[in-house]
Amino acid sequence: ARAKMADLLFREREISTLRRLIRADKRCFVRGIHVYGPPATGKTTIVRDILHSTIHAYVDCREINRDRAICHSIGSQLRESKSSRERKCFTLVDLASTLSKEHALKVGTGYIVLDGVDELCEVNPAFLTGLLRLPEASQCNICLIIISSNRKTLPGCWKPSNFFTVRFPTYTVTELANLAEAKVRSPVELKTSVWKKMLRFVFEGISHATSSLRRCVLIAKMIKPVAKSLVKKDGVTLELATIKALVRRVCDLMPTDSLTASVLQDFMSHCQRSP
């Protein structure tokens, strides 16, 4: 099922910018859009949600990274006719020829999304340069959307006049705590404000958590039953000893692997630095 952007708080600015650029009923006025930022910051979810009513092709370059496979995937997704007799696209020339026959791309805009292109940009920047020339080669309205973790990985042909940049910043600890709380509600024994403070304190001490929203939600799910066992009916005081005990209990419940050890080490180091 398609993810709901309502679950992605603190991304209103990025969503508004992308909605102005990507319009299902109008021609796109930019040649390319570069969406970049650290992993697990909502880039792919938001782009795909906005594109769901448009003509578009999506390719995850972490799974499909060969030129022929990428061209074939794009051609098969943008081709209006799905006949098996249609010529397969294995080169950029084939792709341009196929797209030139699509009437929908003459009156509207087709979007090509390449996700996770950091490695592809390093090993084969010429391929991306060729994709940028598709509008002229096919005589179609095509916008290339690049999603990457690093802004500097793009080839030199990507100049400010050719593309629009949308940056997704890392979530702050407070934002992560609010997002995790929205997905993992506080136990009935705990006030919501106390639960958020507890999550924020834990995330501040676990560097592995703050790099990934998915990891934060997982840790919040692990913390919840332990928190219930530690609190009293009148709430819980956020004393350092209480939080230390909480995270020790959480780590005891986590699977025994390198992550468990590193999580505990991160957090205990944080506790020692805390006043």
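Biologist: In which sense do strand 1 and strand 4 pair, and over how many bridges?

Modeller: Two strands pair if DSSP finds at least two bridges between them. Here strand 1 and strand 4 (residues 142–148) pair in the parallel sense over five bridges, with His34 opposite Ile146. Strands are DSSP runs of E of at least two residues, and helices are runs of H or I of at least four, numbered from the N terminus. The model is predicted: local features need pLDDT of at least 70, side-chain atom pairs count only at pLDDT 80 or more, and totals for chains, interfaces and linings use all residues. Residues are numbered from 1 along each chain as its sequence is written, and side-chain values use heavy atoms, without hydrogens and water.

Biologist: Which residue of strand 5 is the bridge partner of Gly32?

Modeller: That partner is Phe163. Strand 1 runs parallel to strand 5 (residues 163–167), joined by five bridges.

Biologist: Are the residues of strand 1 buried or exposed?

Modeller: Buried means under 20% relative accessible area, exposed over 50%, and partly exposed in between (1.4 Å probe, protein chains only). In strand 1 (residues 32–36), five of five residues are buried. Gly32, His34 and Tyr36 point one way, and Ile33 and Val35 the other.

Biologist: How do helix 3 and helix 4 pack?

Modeller: Two packed helices are described by the angle between their axes and the distance between the axes. Helix 3 (residues 67–78) and helix 4 (residues 92–99) pack at about 5 degrees, with axes 9 Å apart. Angles run from 0 to 180 degrees between N-to-C directions, with axes fitted to C-alpha atoms over the stretch in contact. Helix 3 is therefore roughly parallel to helix 4, a term for angles under 35 degrees.

Terms used:
Parallel < 35°, antiparallel > 145°, perpendicular 65-115°, else oblique.
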